[in-house]
Amino acid sequence: MKSTPLYLAAGTVALAAVTGFAALNAPGGQGPATPAAAAHLPVERSSLLCPAPSMSDLADTTYTSFTPEGDGGGEAGAAELKAAEPLPADDSPAGDKGKAKAEDDDKAGDGDEKADAAKGKTAQSKPVLSVKDLGRPSTADTSKSGAPALVGTATGKLAPGWTTQQTTTAEAGGARGLLGVSCTTPDTDFWFPGASTAAARQDYVHLTNPDDSAAVADIELYGAEGPLKSDAGEGITVPARSSVPILISTLTGEAAENVTVHVTTRTGRVGAAVSAAEDKVGSDWLAKSADPAQTLVLPGIPSDATSVRLVAFAPGEDDADMKIQLMGKNTAFSPAGNDTLHIKSRMTASVDLKNVTRGEPGSIRLTSTDGSRTPVVAALRVVRGSGAGQEVAFIPATAPVGDRASVADNRAKASVLSLAAPGATAKVKVTASAGSGGGEKTSKTYTVKGGTTLEVIPEAPEGLKGAYALTVETESGGPVHAARTLTLKEGGISMFTVQTMPDDGGTVEVPAVRQDLSVLDD
């Protein structure tokens, strides 16, 4: 009798890529398989959701979509964003009559718009924006009031690291400002510290459903004294392939200056973002905070910030005590009189840090003090300017850059990159892509000293035409947290928006299993 070793690794990797987990047992109950090193494979499909832009008639919106160069996921693939609109009734799963009608229209061969609509191929289903080339952004513009939310999918080589920036310029009115947001991936749980139900604020939660069945979401609100009374936030239906904006102040009768919004889904998944407009200060998008953690980094406070407010929330059953530090240009230090923040369980806490950066760029690092192990979420409300020239933006806590992160819609002499190293010194490579209308990419390596923030004015691509993307890649050292500030002057006001840059999720870790299976040979 002779045994021959049979190794099952590649097949298990493929199985794990589908199921997320795979395990093999040896024959005869010899125990579980011996794990081998995990494989990092490029994703083959990505999804993005962009909320509906400003309703103002005076607003202009630009979409910039980009996939960085790299090892793609096999086939050429595609990356497209389309309007979030329900499927035609005749194309719904219950539409047997519609299906028959579509077949009749097809046989008739008239090819008109009515036949296309019956097949679910309406004019609205055409892509609003498509990525054409790796390493080069594609752009689209709209000035329409009431422009829809967008849903998109990237496949093949265009999937790993795919990102889209939505930038709206509103020159006047209550929503005046530069509103920027990185379109988000669909999920089931979102935290938004830094929202408000105060009379001076008009904050909307935008929920976008990318799927072909309805999603049901719950919205919880937490103020300084705990949960805000609300029954209207439960069981909110978001129809298939649709977007629903909800004015936060209509969910409760309580006015609160600092509110934490928690969005979860009972069924399905959604994209979520908060649009915030503040009287006499401007407007911007508030993106979700990083998941609750004992250490948080909020990068990218401009050097000329005139007001910085930190808003934090402890979702657990225990209070949290957090140490506040500003990571400046040369060192990290605690702001005078604001070195710690006590956050009661399920209550929103805030502290006014005023002009904490004092002429130098900076980032906030929150860490649990000794004995406090409660995870928290956090965001910053940042104001530049004074009087009628004020402008507001929001910076949520963000995960590190990781292997790679990108942000689209950068413009010549308008973008600033902030790199913060909360731990060990790190080295990163920054690449400015080719422009959407032409130009050649450029790359440069930077060293970020531990405990500091490095402000980088990117070198624009040679021969730049149009918008370009910035990609940050960690080469060595500790973790780096990044944010991009885009500043545009309109009517004498320096309008700005800040987008954080967490890891782009371009690869997925797939556990590999190697097992010696004995095959009996008679």
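## Terms and model

For residue classes, Ala, Val, Leu, Ile, Met, Phe, Trp, Tyr, Cys and Pro count as nonpolar, Asp, Glu, Lys and Arg as charged, and the others, Gly among them, as polar. This is a predicted model, in which local features need pLDDT of at least 70 and side-chain atom pairs count only at pLDDT 80 or more, while totals for chains, interfaces and linings use all residues. Residues are numbered from 1 along each chain as its sequence is written, and side-chain values use heavy atoms, with hydrogens and water left out.

## The cavity

On a 1 Å grid over the protein atoms alone, a cavity is a set of points where a 1.4 Å probe fits but cannot get out; a pocket is an open set with protein on both sides within 12 Å along at least five of seven lines, and lining residues have an atom within 4 Å of a point. Points are joined across faces, edges and corners, and a volume is the space filled by probe spheres set on them.

One cavity of 30 Å³ or more is counted. The largest cavity holds about 60 Å³, and its lining includes Val430, Lys444 and Glu459. That lining divides into four nonpolar, three polar and two charged residues. Strand 33 gives the largest share, four residues (strands are DSSP runs of E, at least two residues, numbered from the N terminus).

## The second largest pocket

The second largest pocket has a volume of about 420 Å³. Of its 24 lining residues, Ser54, Met55, Tyr204, His206 and Ser275 lie nearest the centre. Strand 18 provides the largest share, four residues.
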